[in-house]
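My entries follow in the order I worked.

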Amino acid sequence: MKKLFLLLTITSVSIFLKAQNDLVVISEQGERFYMVIDGVRQNAKSETNVKVTQLMQPMVTAKVIFEDKKIADVNEKI
């Protein structure tokens with residue numbers, strides 16, 4: 001019984017942690033952008049929202065490059 005409980009606990013934690021490995025970025029006013037995570041572009045065409053799944057590192061560097069060059073890029077550690 002203890003082994004079963006431990007297995008269920010580990011499974012629950014893994015599912016919870018997996019859910020935490022997704023990143024969703026949405027532009028507030030519909031500006032189109034590219035998302036770059038640790039130097040790798042995540043979307044081929046500019047979008048108004050981008051979902052990045054299965055991030056493996058606990059901390060990543062995210063860069064948002066707006067299609068409209070009048071808007072400054074955003075660089076953040078997440």
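I began with strand pairing, where two strands count as paired if DSSP finds at least two bridges between them. E2 and E5 meet that: five bridges join them, and they run antiparallel. I noted that this is a predicted model.

**Entry 1: sheet and pairing**

I traced the strand order next. An open sheet of four strands reads E3-E2-E5-E6, with antiparallel pairing. Strand E3 (40-41) and E6 are the edge strands, each pairing on one side only. Ile-37 has Ala-62 as its bridge partner in E5.

I looked up E1 as well. E1 pairs with E4 in the antiparallel sense, over four bridges. There, Val-25 has Val-50 in E4 as its bridge partner.

**Entry 2: the core**

Which residues make up the largest nonpolar core? I listed twelve: Leu-23, Val-25, Phe-33, Met-35, Ile-37, Val-50, Val-52, Leu-55, Val-60, Ala-62, Val-64 and Phe-66. Four strands each supply at least two residues of this core: E1 (23-26), E2 (33-37), E4 (49-52) and E5 (61-66). Both bridge pairs I picked, Ile-37 with Ala-62 and Val-25 with Val-50, consist of residues on the core list.

I checked which way the E1 side chains point. They alternate along the strand. Leu-23 and Val-25 face one way and are buried.

Val-60 touches Ile-37, Asp-38, Leu-55, Glu-76, Lys-77 and Ile-78. Of these, Ile-37 and Leu-55 are also core members.

**Entry 3: Asn-43**

I went to the loop between E3 and E4, where Asn-43 sits. Is Asn-43 buried or exposed? Its relative accessibility is 9%, so I logged Asn-43 as buried. I then looked for what its side chain reaches. Another is the backbone oxygen of Lys-45, which lies 3.0 Å from a polar atom of the Asn-43 side chain. Leaving aside neighbours within four places in sequence, Asn-43 contacts Phe-33, Tyr-34, Met-35 and Val-50. Phe-33, Met-35 and Val-50 are on the core list too.

**Entry 4: salt bridges**

How many salt bridges does a search of the whole structure find? I got two.

One links Lys-45 and Glu-47, with the closest N and O atoms 3.9 Å apart. Lys-45 is exposed at 54% relative accessibility. Glu-47 is partly exposed at 23%.

The side chains of Asp-73 and Lys-63 also meet in a salt bridge, 4.0 Å from N to O. Asp-73 lies in the loop between E5 and E6 (74-77) and Lys-63 in E5, so this pair ties together parts that are ten residues apart in sequence. Both ends are partly exposed: Asp-73 at 39% and Lys-63 at 29%.

**Entry 5: positive phi**

Asp-38 is not a glycine, yet its phi is positive, about 50 degrees. Asp-38 sits in the loop between E2 and E3 and is partly exposed at 40% relative accessibility. Asp-38 had already come up among the contacts of Val-60.

Gln-54 is not a glycine either, and its phi is about 55 degrees. I placed Gln-54 in the loop between E4 and E5. Its relative accessibility is 49%, so Gln-54 counts as partly exposed.

Technical notes: Residues numbered from 1 in each chain as written. Predicted model: local features only at pLDDT ≥ 70, side-chain atom pairs only at ≥ 80, totals over all residues. Heavy atoms only, no water. Core = buried A, V, L, I, M, F, W, Y, C linked by side-chain atoms within 4.5 Å. Buried < 20%, exposed > 50% of the residue type's maximum accessible area, 1.4 Å probe, protein only. Contact = heavy atoms within 4.5 Å. Polar contact = N/O pair within 3.5 Å; in protein donor to acceptor, adjacent residues only side chain to side chain.
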